[in-house]
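Student: I'd like to go through this model with you. Can we start with how far to trust the coordinates?

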Amino acid sequence: MKIPRKHWSADEVLVLEATYANNPTESIALMLGRPLHQVYQKANSLGLKKSAEYAEDLKIRSGQTLTASGVASRFKSGHQSWNKGKKGLCHPGSVQTQFKVGHRGGRAADIYQPIGAERISKDGYIQRKINNDRPFQQRWRGLHIINWEAINGPLPAGHALVFRDGNKRNCDAENLELVTRAELMLRNSLHNLPPELKAVIHMKKALTRVINRKEKEHEQQNHR
């Protein structure tokens, strides 16, 4: 039996138009409760595209953007290294000039910070250094995450923490709220939506909470 295709409501189209340019399509599909291919098809039919900023960020996160210095220092096609076929052989005199394990010099020594040091990220979050061994960006972790995990355990996959008072510097566990990535995306995108759609979304959330509470009360009564 063929399952009837679910039509797109006007509210769903407005949400898609407001969120598609700067958010992962997978998250939008999760938020709307639709298969990923339907979201792609609808976005294509509406002529929606990802923004240039989102596409560039995706390239960077995928490791596809190379710096000019990296390109310049690459071996050219057909180039043959001096030690090809000589496994384990160093360039003459290189042993004397190699840095010792753990050595820091120049710029690395100037910017080095010990474990436990704190800094403010470019996004305004307080970060704390947790180790020296991982890749550079993994040596720092958000203080709000550290504080929340100290009480609640590891942050669940697909979730994020938001600050109840909107202050990213207030990292007290009581000021942190656990939300899904889809919910976070919706919150961040609400300001792009028309006032009437915002009202509908808030009403839907309130209605969902009432329904869930009634269902729970009904289950409790049946188990008495």
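Tutor: pLDDT is the predictor's confidence in each residue, from 0 to 100. This is a predicted model, in which local features need pLDDT of at least 70 and side-chain atom pairs count only at pLDDT 80 or more, while totals for chains, interfaces and linings use all residues. Residues are numbered from 1 along each chain as its sequence is written, and side-chain values use heavy atoms, without hydrogens and water.

Student: What does the protein chain average?

Tutor: A pLDDT of 77, with 67% of the residues at 70 or above. Residues 65-69 fall below 50. That stretch has 5 contacts (heavy atoms within 4.5 Å) beyond near neighbours in sequence. Where pLDDT is low, the predicted coordinates should not be read in detail.

Student: Switching topic: which charged end sits over the ring of W140?

Tutor: That of R119, 4.2 Å from the ring centre. The criterion is NZ of Lys or CZ of Arg within 6 Å of the ring centre and within 35 degrees of the ring normal.

Student: And what lies over the face of Y20?

Tutor: K50, at 4.0 Å from the ring centre.
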